[in-house]
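I opened the notebook with a few things to look up. The entries follow in the order I took them.

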Amino acid sequence: MSALNHLLDGLGTAVSPTNLLWMLIGCVLGTVVGILPGLGSPAATLAVLLPLTLRLQPTTGLIMMAGIYHGAKFAGSTTAILLNIPTETSSVVLCYDGHELAKKGRAGPAMGMSAISGFIASTVGVIALTFTAPAIANLAVKFGPPEFASLMTFGLLLVISMAGKSPVKGFISMALGLLVATVGVDLVSGSQRYTFGNINLYDGVQFITLTLGLFAVAEVLVNVEQKRGKPLFAVPKKLRELLPSKNDLRRCAGAIGLGSVVGFIIGALPGGGSTIGSFVSYTLVKNTSRNSDEFGKGAIEGVAGPEAANNSEAGGAMIPLLSLGIPGNASTSVMLAALLLYGVQPGPLLFANHPEIAWPVIASLYLGTLVLLVLNLPLIPMWVQILRIPYWILYPLILVLAIVGAYSARGSLFDVWMMVGFSLLGYVFRKLEIPAAPMLMAFVLGPQFEVALRQSLTLSNNSPLIFVERPISATVLAITVAVVAFSTVSRRRRRRRGAPALPTTPSVPAVNTSAVDEPVK
Amino acid sequence: MKPTTRRLRVAVAFAVLLTGATACSTLQAGTSNSSSGTATPKNVQIVVDTGPGGGSDLFAREIVKLAQQTKGISSNWPVLSQTAGGGLGAMAFMKGKANQTNYVAAFTSKWVISALGTANPPASLKDLTPIAELADETQIVAVPTSSPYHNFKDFVADAKAHPNKLVQTGGAVSSVDNLIALKVEKDTGTKWKYLSFADGGPRITALLRGDAQMMIGAKSDFQEQVDAGKLRIIAVFSDKRMAAFPNVPTMTEQGFDMSSLPAQLQFRGIAGPPGMSPAAVSYYVGVLQKMVKSPGWQKYMDSEGDTTQFVTGSALTALINKFTASMTPLVHSLSGAGQ
Amino acid sequence: MQRADVVASTAVAALGAFALVTALNLAFLSDSGVPGPGFFPTLLSGLLVVLGVVLGVTSLRRRPATGTGDEAEEPTAADSPSARSRVLRAGTVWVCFLIAVPILTYLGFVPAMAILIALLLFGVERRLNWRSLVVAVVVPVGVYELFVHLLSIPLPTGVIAIGPFSS
């Protein structure tokens, strides 16, 4: 139980008034800066605000960084829910249900649920980090390319199951996303793919370029079609309607639990991170939910599940960083850089050499979500006011920020041109009723899936058996099959009970099995 | 009638403001250009090949910070990112600023390889005016502690016995660690596999897991795992042993012919645009020389696991030329195999 | 709707075919027999061609019976006789957005964004009043100050100018 004592000691250090003040400041700064497109990912926000934190004492500085980290994460969810702009990859999933909720006037509850599930999930994450770190670190080391390929299959299932009304159009969107993701110099072979000799394309298409064009600006184009002046959509005035109801919380309990566990484990895998965590969590929650038909039309569990995964990931990501000295994702890389600047070398020996830093950092990660909850629940009514801004002021501002976001990610005007092009594509997609979300999701997951598949086959000298021979990979595949089978059976049963199935609905079983088979073939 | 006049006034006010802003900016552009002939360049910008928070970006910001601390420069040098094509965009940008003295670029050895790997590169490091090399990351070889290899000869012998079976892990195929491994494979008539990961973390876990048997990287990649007894260093790609690993012999000591490789493989430095005046070059050399002697720089080098290599003038040109010459056949053999 | 679908299917199939031709220059399998750089692009662009054809065939076949699920959408499309003017409005905004980029390249961030907002508010929204002017001036300058001076993130300063607000 010494781990618990250390954690409590750490909490004691972190709770000093100075530290709390800086954490509060960090949280506010992180939220404000994180709302700007192009800086929406916690890694970018941390990098930008790093100079500020370096002037402080190491422990205080790291505690402030934890505040910034959580603030930035919350900001990413905020823009996704309110404006349908996912500023980082892990909030892409929120555009499905989060923004649909906002359209129904339930932006407040969606944001509240994001903060609450985030808080519960980080509690789970920190407790799990305290007690299971060595075991999870072992698992993290065992997770190689074949395991990732199997996990990606699971993530891509989400894309397929979200294909929507017209499966063909959903597939077109997905295939385009996967294809756009291949642009650039191929990591494995060094070959140029679809670069047409243009050096601006060597590093591929940036996520923020695609998301700002396809979502943010396309959304503006659709909205300006109609009318002049009036706010985007109705916002309830009563405070009670701005926060999640008891019923919402009851509905989401399972989703939060599931999301927390999934996010924690995937967050602990080096190269895993919150994106895959939120995708996998959404897929799991949707396919095991009784209300799975409501997903994509504004189911609040569709916010709670991924957001829980997104936040418990922070606890998980600390495991490889602290126990192996390996940053699990971009945000922890920045944390690592900060630790090094303070002269602290994270790694297997960190807890022995610098317990005075290690434990307060873990404790502050946890406190960060608490501060976030205390700070942002009351502020949600204020954030929602964004929707009350007259649209004729809001949309030029979105367009300006879209240009800033596309430019500042790499300082590239070429990216601005590309973003403008993607915005037209996004608008055409809406007009043709082709869903844009599968394209973005496939774009995010595709490269990791492709690389993991090719790495695995390189390791096995082209034998597909590697996916079932390695126990963890086999387990992940088995879970995938089980989830697909479960959702198919329960959907059939519901259909038999309720209305007869429409002939136009996608034939889920056939589609899903083929996807499961893919890496094994 | 009233609204019309108001509208007119608004439009006129906007036009006036706009021309004012543009004129003002043109004026300022003029002043900054006129400064380019003098000995101390003004409005200096430092060009990097990564976005905010990336390796070269942080490196450049550190240089600017230290140069200010050592009173080498009085004003801040803004960092300008030109990220396209692993240095190609940054080099092309610098080429477009020929003869100007207020632009410098933080180059890395990767820039040489990027230009070699492109059919018609828009620019190469040879086009620019090298000012100084500042740092080098010595490449060392790590294997898991449980592995049977105690030196690089053991590894090569096993690779000979089992062709195309052993796995080296690292980044992109065109990264320096793979290129020098390709050279050893060529020299010894062996062949092993290369497992690419975009991020550093998964490379280390691939070693720990046993998916890969060997990795070439920098001290900072391995230090923690070595201290924890999980990885072992078996060779050094340099002309000298490393102070941190005095018992690990260099590749040359182990009998490998390294004469065609330069002593430094992962270097960072500062270069100016083509045709930068000698006066400006010596100004920058002065600023940088002052900076690398400061304790702050030494501390930074230690935290990065880099060693200070202050090389200027013809020695620097020779280093870049030797690096280019030794990498050319390796990069070309790569693009042949990749297609 | 169907005509649009047919056009879309042709575009998708054509794009797929183009991508397929490009992908064929890449190695489908690498020398060791493992999927190479061309493996995914070839499969995906092939899939796009197939999907384009499938979309075309199904939308042509659906013509006699105007779909079951599409009915909900039909009224909204039909009840606005000005569907064309709506697209025109969106198109105008997009063109303003598009021409802001070259202005950005040559004049720099603040003038370009001021012109973009002015075009949108004065031209598209027909709000030629002082409030619009304030927005057109305050937003670009505010955003510029925030990014360049508070966060030290450079924004384009233009080819002919270093920028009125350069640090």
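**Entry 1: a pair in the sheet of chain B.** I started from B:I46 and looked for its bridge partner in β3(B), which is B:V104. I am working on a predicted model. I then looked at the two strands as a whole. β1(B) and β3(B) pair in the parallel sense, over three bridges.

**Entry 2: the sheet around that pair.** I traced the strand order next. The sheet is open and has six strands, in the order β2-β1-β3-β10-β4-β11 of chain B. Its pairing is mixed. From one strand to the next, the twist averages 25°. I asked which strands stand at the edges. They are β2 (79–81) and β11 (307–312) of chain B. Each has a single partner strand, so one side of each lacks a neighbour in the sheet.

**Entry 3: the β2 side.** I went to strand β1 (residues 45–48) of chain B and its link to β2(B). Three bridges join the two, and they run parallel. For B:V48, I found the bridge partner B:S81 in β2(B).

**Entry 4: the β10 side.** Here the sense is antiparallel: four bridges join β3(B) to strand β10 (residues 267–272) of chain B. I picked B:F107 and found its bridge partner in β10(B), B:G269.

**Entry 5: one residue in a helix.** I turned to B:I63, in helix α2 (residues 55–69) of chain B. With 26 other C-beta atoms within 10 Å, B:I63 is buried, because the cut-off for that is 20 or more. I also looked up B:L134, which is 71 residues from B:I63 along the chain. Their C-alpha atoms are separated by 9.9 Å.

**Entry 6: where chain A meets chain C.** I moved on to the contact between these chains. Chain A gives 49 residues and chain C gives 54. On the chain A side, at least two residues each come from α8 (167–181), α9 (207–226), α16 (391–410), α17 (413–431) and α18 (437–459). The largest share, ten residues, comes from α16(A). By class, I find 31 nonpolar, ten polar and eight charged residues on this side of chain A.

Entry 7: I took α8(A) with helix α2 (residues 39–61) of chain C. They pack at an angle of about 155°, and their axes are 9 Å apart. α8(A) and α2(C) are therefore roughly antiparallel. Their crossing is left-handed. I listed residues that meet here. Among them are A:F171, A:I172, A:A175 and A:L179 in α8(A), and C:L44, C:L48, C:L51 and C:L55 in α2(C). By class, this contact of α8(A) with α2(C) has 13 nonpolar, two polar and one charged residues.

Technical notes:
Residues are numbered from 1 along each chain as its sequence is written. Chains are lettered from A and ligands numbered from 1 in the order in which they are written. This is a predicted model: local features need pLDDT of at least 70, side-chain atom pairs count only at pLDDT 80 or more; totals for chains, interfaces and linings use all residues. Two residues are in contact if their C-beta atoms, placed from the backbone, lie within 7 Å. Ala, Val, Leu, Ile, Met, Phe, Trp, Tyr, Cys and Pro count as nonpolar, Asp, Glu, Lys and Arg as charged, and the others, Gly among them, as polar. A residue is buried if 20 or more other C-beta atoms lie within 10 Å of its own, exposed if 12 or fewer, and partly exposed in between; C-beta atoms are placed from the backbone. Two strands pair if DSSP finds at least two bridges between them. Axes are lines fitted to C-alpha atoms, for helices over the stretch in contact, and angles run from 0 to 180 degrees between N-to-C directions. Angles under 35 degrees count as roughly parallel, over 145 as roughly antiparallel, 65 to 115 as roughly perpendicular and the rest as oblique. A crossing is left-handed if the near helix is turned anticlockwise from the far one by less than a right angle, and right-handed if clockwise.
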